[in-house]
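These are my notebook entries on one structure.

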Amino acid sequence: MPGQTPLRIAVAQTNPTVGDFAGNLRIAEQAFRDAERLQAQLLVFPELSLCGYYPGDLLNDAAFIREAERALAELAELSRRFPGISVIAGLPQTRSGPGKPLHNSLLALANGQVLAAYHKQLLPTYNIFDERRHFEPGPATAASIEVAGYKVGLMICEDGWNDAANDYPVNPYQALAAIGPDLVVSINASPSNIGKRDQRHRIIAGAARRHRLPILYVNQVGGQDSIVFDGASFGVNADGTLAFELPAFEAAVEPVEFSAGVFHGFGSGQPLPEPEFVVRHILMGLRDYARRCGFQQVVVGSSGGIDSALTIALAAEALGPDNVIAVTMPSEYSSAGSVTDSQLLCDALGVRLLTHPIREQVAAFKVQFQASFATPLAGLPLENLQARIRGTVLMAYSNRFGALVLTTGNKSEISVGYCTLYGDTNGGLGLIGDLYKTEVYRLADYLNRRAGRPLIPESILIKEPSAELAFDQKDTDSLPPYPVLDEILKLLIEGDLLAEAEYRRACDFVSDYRRAAEGEAVFQRIGRMVTRNEYKRRQAPPIIRVRSRAFGAGRQMPIAAKY
């Protein structure tokens, strides 16, 4: 009878690579060995674990689907080699009939045989998701398997997020509750962002309470393009209490026992403080992006300002200081601190700093421009030229030495177009592009406190922000102070996707600000700046998504529009 002998489960919080079927199978094989060592009877992988999440239009490639089918055959063989261990894994499966040719599927296997197949019913098409582009919803029915006398219900990610029936006409919990499983296993590829852990716990625990269903939530970990998955797999009992949680941002195969209707794990996890969460999130995003794209080193333009300083510090922690190259590129408008502060920073971090002045290139370009177009190069075109020459230098270094260029723009600047196409927007990845400027300062201060020494020099932290593309230039010449700008941008870009407390603060602040002199005019001007700079963001490199709505796939706005 269930509850007399515990069911021992190995939770495989894995980090698969999209399209690397051989590598993902090696991960699976090691997980089987770990499960055997742990004496587990059930091994659970995340959503689409055999092919990685999310394959995008690779799902339209017939060869990719054939590879997925071969991987399933090898997974079945693995289950035959490890008798006594039932396995649950995710993969795309072909289907017939009208509609899309694939399901996002969960298969349960044991001893080389398929025990059950379940197809995801709710396919998200919001924010960064576009699953309906490739998959057909599964039937509105429940599926289960029996393992060691326990009835285990099956579920995939989004299926567990609609218990209030606000987003889809189907609530998979109802069919599950009707078949009365002892517990539910949900496999997931749930992206990480600030506040996501609490949101998951609230939604899953609420559903567990309402339906009296213990739920095991197994989540992917790792960075994939601009998205980071934090893992943090967990179990909630039927009363909604958190029974256990795996560490965030770590691949792991860990045991948990289930008996008498409750999980017995190794204690509930503790949330990371927000600054540490952001640091680990970005570190994992960079490490996996560099590893999967074949880069060992990165190169960053060092201006002596806060954005490049934070980017260099994060890169040094992620990849090691020996794998980070900083380049300072002073012009006639650069302050002395542009070079000296860059040197202080790199000395503190152990990063190599190279110098490539751009004065001569700028002067030569001005002469030729005058000769060719019979007009002097001055003002904004000259400012942008300097940024573009710097971007060209970094890309030339990347081409010659094979280092990945990291762009250094923050979310505030990217929002209002305070960046130069083919200049400081050059690069393969942005680490801080989803952090507002005020958050950049807070994170830099946190890194210093965390290290117990000034990794980022005080002279950089107190310096007034400036692009240094003209004499005595300051960001506030054309922008409101960042504490004002950032609250406006939060409402314009993220709105009610913000955490409730942050949303209320932004609403109250902006409401008061708009009633003040010139406040409404500034608010409207910032809105216009955000709108008309969409074309720049469309051409920018991917940025690591940290917040609830990031630029890129999570915010799809037209360029040529009048609104």
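**Entry 1: arginine 212.** I located arginine 212 in the loop between H4 and strand S9 (215-219); helices (H or I, at least four residues) and strands (E, at least two) are DSSP runs, numbered from the N terminus. The model is a predicted one, in which local features need pLDDT of at least 70, side-chain atom pairs count only at pLDDT 80 or more, and totals for chains, interfaces and linings use all residues. Residues are numbered from 1 along each chain as its sequence is written, and side-chain values use heavy atoms, with hydrogens and water left out.

Is arginine 212 buried or exposed? Arginine 212 counts as exposed because its relative accessibility is 54% (buried is under 20% relative accessible area, exposed over 50%, partly exposed in between, with a 1.4 Å probe and protein chains only). I then checked what it touches: not counting residues up to four places away in sequence, arginine 212 touches Ala238 and Asp239, contact meaning heavy atoms within 4.5 Å. A polar atom of the arginine 212 side chain lies 3.3 Å from the backbone oxygen of alanine 238. I also noted asparagine 237, which is 25 residues from arginine 212 in sequence and 8.3 Å away in space, C-alpha to C-alpha.

**Entry 2: serine 105.** I found serine 105 in strand S4 (residues 102-110). Its relative accessibility is 0%, so serine 105 counts as buried. The side chains of serine 105 and histidine 119 are joined by a polar contact of 2.7 Å (a pair of N or O atoms within 3.5 Å; within protein, one must be able to donate a hydrogen and the other to accept it, and residues adjacent in sequence count only if both atoms are side-chain atoms). Beyond four places in sequence, the contacts of serine 105 include Ala89, Gly90, Tyr118 and Ile156.

**Entry 3: helix H13.** I read H13 as residues 482-494, with 13 residues and a reach of 17 Å from first C-alpha to last, close to the 18 Å expected at 1.5 Å a residue; the expected span is 1.5 Å times one less than the number of residues. H13 is largely enclosed by the rest of the structure, because 10 of its 13 residues are buried. Among them are the charged-group members Asp486, Glu487, Lys490 and Glu494. I recorded the packing partners of the buried residues as helix H10 (411-416), helix H11 (437-451), H14 and helix H15 (519-532). Just after H13, glycine 495 has a positive phi of about 55°.

**Entry 4: second largest pocket.** I noted a volume of about 1,200 Å³ for the second largest pocket. On a 1 Å grid over the protein atoms alone, a pocket is an open set of points with protein on both sides within 12 Å along at least five of seven lines, a cavity is a set where a 1.4 Å probe fits but cannot get out, and lining residues have an atom within 4 Å of a point. Grid points are joined across faces, edges and corners, and a volume is the space filled by probe spheres set on the points. The second largest pocket has 47 lining residues, with Trp161, Gln199, Arg202, Ile203 and Leu497 nearest its centre. Helix H4 (196-211) and helix H14 (500-515) are the elements that give two or more residues to this lining. H4 supplies the largest share, eight residues. The lining divides into 17 nonpolar, 11 polar and 19 charged residues; Ala, Val, Leu, Ile, Met, Phe, Trp, Tyr, Cys and Pro count as nonpolar, Asp, Glu, Lys and Arg as charged, and the others, Gly among them, as polar.
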